[in-house]
Amino acid sequence: MNIPNLPPFQSHGAIQPITCVEMHTAGEPTRIIWTGFPNLTGTLLEQREQAKAKHDDFRRLLMLEPRGHYDMYGAILCPETELVDAGQADIGVLFMHNDGFSTMCGHATIALGRFLVDADEAVFPRRQQLERDRRTGTTSVKLHAPCGVVEITVPTLASGQSDPARPVSFVSVPSFATALSLTVELPETHRWPELQGRTSVTADFAYGGAYYCLVGAAELGFPHGLAAFDLPSMDRATRLLKDAVISNPDLEYVYADVETGEPGFLYSIMITDKSMGLVKAAENTATCRAQQGVASEETGLCFFANQQIDRSPTGGCVAARVALAHAKGDLGFAEKRMYNSLVTRGYKGVPGFVGSAVDQAGKKQSIRVKVEGYAYYTGYHAFVLEKEDGIGLDGFSLKDLKLQ
Ligand SMILES: O=C(O)[C@H]1NCC[C@@H]1O
């Protein structure tokens, strides 16, 4: 892929132009940093620590306003990591959002699959070594994410470029449920009006590269489900529920760090709704074509990081939801389920993600999950910072501004 000539302006301030390729996956943006992010060194997790400790201003500049927005998402390429050196991965990546750096991101993985197949060696040094299967017309990319290696399969044209007409798929890191139908007690300070006096909710917890709490819309107090979504009220309910979970030491086990067993990080609350059903085949939309071979459907609304809303069906959470359904005996191996977001239900030309259990993954009754979805390019950016700009090397969220 050739990035077009940069526009004729210069960065007179603290940064060189930062060039980015912009994509969306089911409506969720991925801002892929092409050049201009400070150099990171060491293992992938060391690079993530450096990014957090020394360059968080770059994350804020690229994710928040005025160059981004509250719900922006980004990916930083890390060409050298310990697993790339060991031949176990082709390239590394760090994911970033409105609140920091995450461990896994399915929608960005789908976008990166296409981007990495299309990129040149200057940005992806091992690009020429990717394995191409001429029979299936696909190219494989092993992506080293903070949660582990994710195997991506990218449909490829005879020219070698990615094929936007067929879905990208990835196989998750081992995914598993940590609690089924758990009663979460809500202290008085953590209740919301739609509960109508209830003092607890029942939720499931599962891991798909990051930890998710899964709770039905009706269980949260929204009996008409996601068809009647109410973002401010659902934001309040999920914020309070997340806080009730993470402030209860008895619940630390449901999101314990996968490596150390120490208290980990609960990334998101996913509101689920199983009542909406598949799109009718007679519509012949992209969504119903993607549904072929799919037996069931769920819709979800994901609040993650600092109450950021995912426009996509949340690929990492699809892995967690398939592992959960498998643990409940509700989804067998190779059975396909369609996972929709509000956007994929709203735009029937934008299919949801299809999830299926691939095989057993060893420890903790975990399984590997295949997630399929479509991503598209939306454009390029070259960001600059003028030295006169009072916001400087930073970014802001209007709703988090504090006035003195
Ligand atoms: O698809 C995913 O897994 C991601 N989308 C935004 C939040 C999650 O990281």
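Of the contacts in the protein chain with a separation of 6 or more, 69% join residues 24 or more positions apart, a contact being counted when the C-beta atoms of two residues, placed from the backbone, lie within 7 Å. The model is a predicted one, in which local features need pLDDT of at least 70 and side-chain atom pairs count only at pLDDT 80 or more, while totals for chains, interfaces and linings use all residues. Residues are numbered from 1 along each chain as its sequence is written.

The protein chain has eight helices and 19 strands, helices being DSSP runs of H or I with at least four residues and strands runs of E with at least two, numbered from the N terminus. Its C-alpha trace spans about 65 × 60 × 45 Å along the principal axes. Buried residues make up 46% of the 404 residues, where buried requires 20 or more other C-beta atoms within 10 Å of a residue's own, with C-beta atoms placed from the backbone.

The chain is divided into domain 1 (18–172) and domain 2 (176–365), with bounds that come from an automatic or database domain assignment. Between these domains, the contact takes 22 residues from domain 1 and 24 residues from domain 2. On the side of domain 1 that touches domain 2, α4 gives the most, with four residues.

The ligand brings both domains into view again, because domain 1 and domain 2 both give residues to the shell around the ligand, so that it lies between them. This shell holds 13 residues, the closest being C105, G106, H107, G315 and G316; a residue is near a molecule if its C-beta atom, placed from the backbone, lies within 6 Å of it. The elements that give two or more residues to the shell are α4 (106–118) and α7 (315–327), and the largest share, three residues, comes from α7.

Strand β12 (residues 211–216) has five of its six residues buried, and is therefore largely enclosed by the rest of the structure. Strand β11 (residues 200–207) pairs with β12 in the antiparallel sense over four bridges, pairing being assigned if DSSP finds at least two bridges between two strands, and F205 stands opposite C213 in β12. In the hairpin of β11 and β12, three residues lie between the strands, and G209 takes a positive phi near 100 degrees. Strand β13 (residues 266–273) runs parallel to β12 and is joined to it by six bridges, with S268 in β13 as the bridge partner of Y212.

Note on methods. A residue is buried if 20 or more other C-beta atoms lie within 10 Å of its own, exposed if 12 or fewer, and partly exposed in between; C-beta atoms are placed from the backbone.
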